[in-house]
Amino acid sequence: MRSICLYFQVHQPFRLRTYRFFDIGADHYYYDDYQNRRIVRRIANDCYIPANEVLLALIGEYGSAFKVTFSISGTAIEQFKKYTPEVIESFRRLAKTGNVEFLAETYSHSLVGLTDPEEFKRQVDEHAATIQELFGVTPTAFRNTELVFSNGIAEQVFKMGYKTMLTEGAKQLLGWKSPNYLYFSSPHPRMKILLRNYQLSDDIAFRFSQQSWNEWPLTAEKYVSWLDSVDAKQDLVNIFMDYETIGEHQKAESGIFGFLRAFPEQLIKSQKWTFRTPSEVADELQPVAGIDCPHAISWADEERDLTAWLGNDLQQEAFTTLYKLSKTMSTCTDADLHRDWNYLQASDHFYYMCTKWFSDGDVHQYFTPYGTPYEAFLNYMNVLSDFMIRVKEYAEKAGSDSNAIPSKVETKVETVSIPDPKPNTAKATKTKVKAAADAKETPETKTKKAIKKG
Amino acid sequence: MKVLMFGWEFPPHITGGLGTACFGLTKGLLKHGVDIQFVVPKAYGDESQEAVRIINASDVTVMMNDPVFREYWNQITYMEIGSNLIPYVGPEDFQQMVSENTKTTVEESGRVFSEKFQFSGKYGHDLMEEVARYALVGAAIAANSEFDVIHAHDWLTYSAGVAAKKISGKPLIVHMHATEFDRSGENYNENVYEIERKGMAEADRVITVSNLTRNIVIERYHIDPEKVITVHNAVEPPEHSDLMDVEKKVKEQIVTFLGRITFQKGPEYFIEAACKVLERDKNVRFVMAGTGDLMEKMIRRVAKLKISSHFHFTGFLKGENVDRMFAMSDVYVMPSVSEPFGISPLEAMRSNVPVVISKQSGVAEVLNHVMKVDFWDVDAMADAIYGLLHYKSLNSMVITHGSEEVNNLKWEAASRKIADIYESLV
């Protein structure tokens with residue numbers, strides 16, 4: 001039996017509120033709570049909840065013959081917890097069936113993998129811990145934000161301990177080769193790679209309700225016949241898409257829920273196909289060849305490259321300015337700063353600044369909360385300017401309080417009021433600092449206590 | 001294709017954007033093999049002309065050099081008609097101006113029609129009467145010329161266009177460069193409105209300079225949407241390729257408003273935005289160039305906000321000083337409350353100045369590489385100004401892509417659309 005791997009991406013960014021330059025230094029809350037709540041609730045009702053029900057029913061009926069895979073970003077999970085806890089419960093029910101794999105990804109749905117290996121690892125770890133905590137399983141396969149992939153990223157992910165990765169079956173990667181096999185990364189042969197079949201994935205994700213499409217309407221029979229017509233030697237078809245396809249991009253009226261129910265049923269009944277998750281595929285199938293990917297690819301646009309996020313000067317400036325903070329943030333223990341650092345890294349913010357649609361005249365086709373990419377940039381840079389001030393203040397404070405960064409996450413109050421007992425940086429000045437700290441210890445502690453009491 | 005075209009001004013005697021637009025448009029039409037007879041009323045008396053110029057400070061640009069102009073001149077049949085028609089002046093102002101200038105008005109008859117019309121010099125002091133007179137002239141020309149279509153620019157010429165259509169039976173196109181609502185807000189003149197409405201109702205096609213104007217035409221004048229077509233204005237390529245090299249005398253960055261200081265242009269929003277920027281950044285100077293009926297009020301507002309040391313009024317600028325002002329500017333702002341098109345941002349962009357424009361301007365429909373804000377949203381306006389002054393990549397991207405964008409707005413392309421409209425009617 002041939003394998004089909006069905007994976008859905010679940011992500012919601014924390015959209016920023018309108019943040020003016022005169023807010024810089026004056027107001028440190030950046031998020032549009034109203035919009036975020038409204039959007040997440042709407043999509044929960046239109047997509048996550050009803051689509052989960054369909055998948056649960058499939059599992060209920062067909063048991064282990066039906067498997068499905070999710071990757072849920074950390075920022076999406078936080079918003080579900082905040083605004084729609086029933087979505088978390090719904091995913092938990094799916095997790096309990098044991099037929100669902102949850103993938104690892106960056107907590108913030110970020111592009112950090114392109115720039116900072118340390119922060120990349122931190123985010124992947126944070127995400128894995130979140131998944132473990134919620135669903136009781138630790139992810140074993142990895143998908144990077146927007147399926148961004150390169151040899152370098154594969155190497156970093158391999159070092160983190162993952163041996164399976166998902167990415168786009170991009171033409172520039174495959175050439176004449178077919179995406180319908182298991183591959184491995186040429187520089188790291190133990191890293192197995194699943195490639196998205198964009199043709200069959202986009203038939204659902206983009207074209208399902210497009211009446212101008214000559215294959216419209218897409219029925220389960222037709223779709224299954226397309227799968228059946230895939231060369232018999234090709235043993236794996238990867239259907240990857242945004243989960244929001246179901247009920248949000250393709251509205252319920254289009255019949256997408258019926259389709260989601262019907263095509264797996266027909267596949268299972270045909271006995272020619274079996275549903276597998278990426279980790280199962282990696283265990284059970286033999287990779288046929290290596291793929292070499294020196295330049296980063298993604299699953300976006302015709303180009304399948306990074307230009308949607310880092311294609312223009314605005315995006316480049318915002319991105320490099322943000323990641324200049326990496327070093328300070330790597331040792332930051334302030335909970336608020338840490339939260340904002342996570343939220344500001346979401347790839348969506350950079351996507352909103354994309355100007356390449358201008359040339360196609362497709363400006364409005366892409367969902368963005370901003371009127372123009374320039375507005376998106378302006379707003380983001382204002383927020384980032386405030387964040388930079390706070391990070392700088394934090395660094396100065398951390399430096400002057402103890403001349404060292406605390407090694408453990410502590411609560412905010414403690415960090416501010418109690419100097420770290422074990423200075424562990426600045427070796428050369430260590431003794432001096434220590435002496436000074438010893439000398440000052442008594443009066444300083446007293447003052448601080450007094451302040452605290454007052 | 002022969003076109004009988006009615007305008008109210010033509011270079012070098014221009015007072016505003018309309019003359020410039022007509023020039024660019026007709027030049028473009030010539031390239032598409034259209035033969036044009038251009039009829040303009042001739043305004044009398046240097047003083048009154050000066051007065052008009054002062055009132056219309058904002059949009060003045062003469063962008064031609066003599067050889068080009070002459071060559072162009074030789075290709076079209078140009079007619080002047082004795083008339084007191086004065087652009088940009090409402091009936092009330094007109095009355096006042098004419099009575100002031102009656103004594104200096106010298107009789108002069110139109111070259112072409114002097115034999116047929118004996119102008120006594122006692123021209124009506126009422127603008128409506130002049131419009132009616134121009135209509136008569138239009139009918140006479142129509143009866144004596146050969147052409148395929150009639151094209152009339154803005155309301156002053158509509159009656160002439162309609163008369164010409166009635167005499168000749170040829171199709172009429174009226175071109176809305178501005179509506180009475182743009183000029184006067186809700187205190188519109190009913191007679192002007194009626195002339196506009198009637199002109200459009202009688203016309204076979206109505207050309208609007210933006211979709212913004214098109215919507216006004218459909219909603220406020222109840223014109224059949226089927227016959228209303230938007231053809232956006234364009235700009236002529238820069239006159240001199242070398243940009244003006246101006247030494248800035250101040251070290252601060254300069255943010256400029258340049259236009260008539262009238263309700264329509266939204267000067268007060270510029271001042272409020274300036275105040276917000278200055279609260280945070282004193283390293284900026286704001287300049288309001290131009291003059292108009294709100295000028296004194298604006299000066300008082302600036303004083304009240306206590307930002308006069310960083311906010312400057314230049315008075316009316318023209319010619320080279322306009323270019324110099326652009327060359328000195330770091331940001332150009334057009335906060336218009338209502339702007340059918342708005343050519344000045346394009347001129348700023350051509351001078352490599354990043355611009356902030358109101359969404360309530362027609363030009364916003366054709367520009368991507370600008371900051372667009374609602375005219376009333378002074379927070380957003382201030383934010384856009386601040387961003388252009390402080391975020392390097394934003395500034396450079398808007399400039400680079402902006403000038404590219406402007407250079408692609410060619411009259412030749414706009415004229416092609418108009419020529420197509422002509423062809424669809426014959």
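Mentor: Start at B:Met381, which touches B:Tyr269, B:Ala273, B:Val333, B:Pro335, B:Val356 and B:Val373, leaving aside anything up to four places away in sequence; contact here takes C-beta atoms, placed from the backbone, within 7 Å. Keep in mind that this is a predicted model, where local features need pLDDT of at least 70 and side-chain atom pairs pLDDT 80 or more, while totals for chains, interfaces and linings use all residues. Residues count from 1 along each chain as its sequence is written, with chains lettered from A and ligands numbered from 1 in the order written.

B:Met381 also matters to the bookkeeping of the largest nonpolar core: among its 235 residues, B:Met381 and B:Ile385 touch the most other members. Such a core joins buried Ala, Val, Leu, Ile, Met, Phe, Trp, Tyr and Cys through C-beta atoms within 7 Å, buried being 20 or more other C-beta atoms within 10 Å (12 or fewer is exposed, in between partly exposed). The top contributor to this core sits in chain A: helix H17 (residues 373-402) gives 12 residues. Helices (H or I, at least four residues) and strands (E, at least two) are DSSP runs numbered from the N terminus.

H17 of chain A turns up again where the chains meet. There, 15 residues of chain A are in contact with 18 of chain B, and on chain A's side the elements giving two or more residues are helix H12 (313-323) and H17. That side has eight nonpolar, four polar and three charged residues.

Back in chain B, look at the open six-stranded sheet, ordered E10-E9-E8-E11-E12-E13 with parallel pairing; pairing needs at least two DSSP bridges. Strands E10 (311-315) and E13 (371-373) of chain B are the edges, each with a single partner, so one side of each lacks a neighbour in the sheet. Further in, E8 (residues 253-258) and E11 (residues 331-334) of chain B pair in parallel over two bridges, and B:Thr256 stands opposite B:Tyr332 in E11(B).

Elsewhere in chain B, strand E4 (residues 149-153) has five of its five residues buried, so the rest of the structure largely encloses it. B:Val149, B:His151 and B:His153 point one way, B:Ile150 and B:Ala152 the other. E4(B) runs parallel to strand E1 (residues 2-6) of chain B, joined by four bridges, with B:Met5 opposite B:His151. E4(B) also pairs in parallel with E5 (residues 172-176) of chain B over four bridges, where B:His153 stands opposite B:His175.

Notes: Contact = placed C-beta atoms within 7 Å. Nonpolar A, V, L, I, M, F, W, Y, C, P; charged D, E, K, R; others polar.
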